[in-house]
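The sequence and the structure come first, and the comments follow.

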Amino acid sequence: MIEAELIEKKIAKDYGFFKFKLHKKLKSPDAGQFIMLKALDEPILAKPFSIYSYKNKNLTLFIKRVGRLTGKIFSSPIGETFYIRGPYGTPYIEKINKGRKYILIGGGSGIAPLNFFSELYPELVYKKLYGFREKYIRELFEEEEQSTLVIEEESGKTVVDIFREVYSEELGILACGPIPMLRNLPHDSYVSLESVMGCGIGTCKSCAVKTKEGIKMVCKDGPLFRKEEIQWEWI
Amino acid sequence: MGVDLSVEILGLTFKNPLVLASGPAGFGFELQQYLDISRIGAITLKTITLNPREGNAPPRLVDTHGGIINSIGLQNPGIKEFVRTIAPRLKNLKTIKIGSIAGFTTEEWKILGEEMDKIKEIKAIELDLSCPNVEGKRIWAKDEELTQEAIKAVRESTDRPIIAKLAPDVTDIVKVAKKAVNAGADALSIGNTIEAMKINIETGLPVLKLKTGGLSGPAIKPITLARVFRVAEALEVPIIGIGGVMNWQDALEYAMAGASLIGIGTAIMVDPQAPLEILHGIESFLRQKGIEKFEDIIGIAHRGGF
């Protein structure tokens with residue numbers, strides 16, 4: 001595993017940006033891919049995190065505090081060492097139709113891979129919509145990103161409501177976020193799934209998703225799928 | 001001084017005592033991109049059942065203190081598809097391949113044994129008698145008569161070495177082990193995951209969709225180690241020790257308790273490269289102790305130690 005030193009963090013309640021300096025380069029990470037990150041001891045397994053940004057061995061993650069590992073990352077001092085391996089998963093660019101421009105719809109920590117996508121493929125991005133419930137999230141984002149934020153507490157509208165107002169059929173849809181958000185999108189959307197993973201490389205069969213072509217693994221076959229290929233009742 | 005890590009059991013020479021345990025290594029092909037499998041003593045392939053199985057609905061995995069609980073549910077393509085599409089590719093894995101099967105009835109065990117027997121690349125067959133993750137399935141190894149019945153069925157269908165994978169959480173594992181050997185098992189795998197669960201106190205519901213699963217990882221090592229020790233004390237049979245081996249120290253404990261081979265499961269999920277670090281650690285330890293052959297430390301805890 002690669003040593004990753006925490007060099008910067010910016011936290012607002014349960015969300016935060018965490019920048020790590022890696023001791024070794026990642027092998028050509030692409031948007032939609034994830035890394036497996038582990039603390040030295042507990043919990044046992046490494047957990048998947050989408051890449052928010054990656055430049056010169058600097059890896060930025062956008063994380064929501066949910067469990068033991070994320071709790072540990074939030075409370076760690078600058079200089080703490082973590083361990084990562086990857087990148088894993090199929091890059092979005094290998095799955096999507098490259099002849100369209102996309103609306104990127106993110107919910108919560110699901111904005112991470114979309115941000116990396118917009119960094120690498122700005123020419124394919126029509127508009128970014130980053131949805132959150134509460135307005136405190138604004139303090140985490142720079143001035144130029146403020147207009148991409150859709151905050152329910154401010155407008156009374158969800159990111160999907162806003163999406164419906166701006167969507168037209170020639171646009172592609174690339175989404176990552178909570179399941180209820182993904183379920184509310186049109187059938188031809190590309191949705192990036194989150195799952196409890198064990199190995200991250202397709203062997204342990206923990207992150208199963210039922211599709212029209214049978215069981216697939218979110219880690220290896222995804223994380224991106226066409227919404228219409230997923231058997232949602234299984235999720 | 002060179003250290004000889006090889007182990008000779010079941011009429012086979014394993015280049016070192018590490019076995020990738022059934023499950024986390026899949027069929028080896030995906031893992032091969034991240035771990036040079038030719039450097040590992042053997043791989044036990046993912047368990048195959050008679051019919052294809054989707055496995056359980058997610059979530060299938062949860063971390064708990066000192067371990068992880070999984071309820072994958074034997075997701076596999078079934079024996080026909082295994083023979084047709086996976087078996088022909090096995091020669092690309094340059095290590096000893098151990099097949100793993102799980103029957104739901106005695107007849108199924110027999111058929112699975114016969115089908116595995118046709119695959120040249122499979123050098124031994126492990127009977128998964130102890131997976132706790134399938135709804136409504138009998139855990140054969142929790143009943144010594146059933147254990148015997150399954151082993152006899154497979155014994156009649158193949159001359160390959162057969163390995164009975166026993167459950168660690170039984171009243172008297174020595175009793176079950178004796179029955180297994182009497183029924184024709186050539187070796188024993190001790191053990192498997194242990195039935196366990198986790199409840200989300202916010203929702204008040206079990207975390208896993210199947211409600212319970214199997215615990216693996218560091219938490220179970222002392223439990224399984226004791227079972228290996230007791231069986232090795234009572235019986236002259238090769239043992240594959242499996243349960244919570246996360247590092248080389250854990251691996252050595254199993255060998256000293258009497259295991260000829262050591263299975264690595266959860267540690268591969270944490271880091272696919274972990275087996276190589278474990279091997280390196282075993283080798284350095286033996287060198288420091290001035291021991292030339294790994295086989296010399298197998299069961300040393302029964303012989304008064306160093």
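1. Helices (H or I, at least four residues) and strands (E, at least two) are DSSP runs, numbered from the N terminus. Both B:Asp250 and B:Lys221 are buried; buried means under 20% relative accessible area, exposed over 50%, and partly exposed in between, with a 1.4 Å probe and protein chains only.

2. A word on the basis of these comments: this is a predicted model, in which local features need pLDDT of at least 70 and side-chain atom pairs count only at pLDDT 80 or more, while totals for chains, interfaces and linings use all residues. Residues are numbered from 1 along each chain as its sequence is written, chains are lettered from A and ligands numbered from 1 in the order in which they are written, and side-chain values use heavy atoms, with hydrogens and water left out.

3. Over all chains, the salt bridges come to 32. In chain A, the side chains of A:Glu134 and A:Lys13 form one at 3.9 Å, N to O, and this pair links distant parts of the chain, 121 residues apart: A:Glu134 is in the loop between S9 and strand S10 (149–151), and A:Lys13 is in the loop between strand S1 (2–12) and strand S2 (15–22). A:Glu134 counts as partly exposed because its relative accessibility is 37%, whereas A:Lys13, with a relative accessible area of 53%, is exposed. In chain B, the side chains of B:Lys293 and B:Glu295 meet in a salt bridge at 3.6 Å, N to O; B:Lys293 is partly exposed, with a relative accessible area of 30%, and B:Glu295 counts as partly exposed at 25%.

4. Where the two chains meet, 32 residues of chain B are in contact with 27 residues of chain A, contact meaning heavy atoms within 4.5 Å. Chain B and chain A bury about 2400 Å² between them, 61% of it on carbon and sulfur atoms; buried area here is the accessible area (1.4 Å probe) that two parts lose on being put together, summed over both. On the side of chain B, the residues that lose the most area to chain A are B:Glu30, B:Asp63 and B:Val270, together 23% of what that side buries.

5. Four salt bridges are counted between chain B and chain A. The side chains of A:Lys220 and B:Glu30 meet in a salt bridge at 3.3 Å, N to O, and a network of salt bridges links A:Lys205, A:Lys220, A:Asp221 and B:Glu30. A:Lys205 is placed in the loop between strand S12 (190–192) and strand S13 (208–211) of chain A, and it counts as buried because its relative accessibility is 15%. Leaving aside neighbours within four places in sequence, A:Lys205 is in contact with A:Met217, B:Glu30, B:Lys46, B:Arg60, B:Ile72 and B:Gln75.

6. Helix H2 (residues 111–120) of chain A is mostly covered, since eight of its 10 residues are buried. Among the buried residues of H2(A) are A:Leu114, A:Phe116 and A:Phe117, and what covers the buried residues includes strand S6 (58–64) and strand S9 (125–132) of chain A.

7. Which residues of H2(B) meet H3(B)? They are B:Ile79, B:Phe82 and B:Val83, which meet B:Leu112, B:Glu115 and B:Met116 in H3(B). By class, this contact of H2(B) with H3(B) has five nonpolar, no polar and one charged residues; Ala, Val, Leu, Ile, Met, Phe, Trp, Tyr, Cys and Pro count as nonpolar, Asp, Glu, Lys and Arg as charged, and the others, Gly among them, as polar.

8. B:Phe82, in helix H2 of chain B, counts as buried at 0% relative accessibility. Not counting residues up to four places away in sequence, B:Phe82 touches B:Phe27, B:Leu45, B:Ile48, B:Ala87, B:Leu90, B:Met116, B:Ile119 and B:Ile122.
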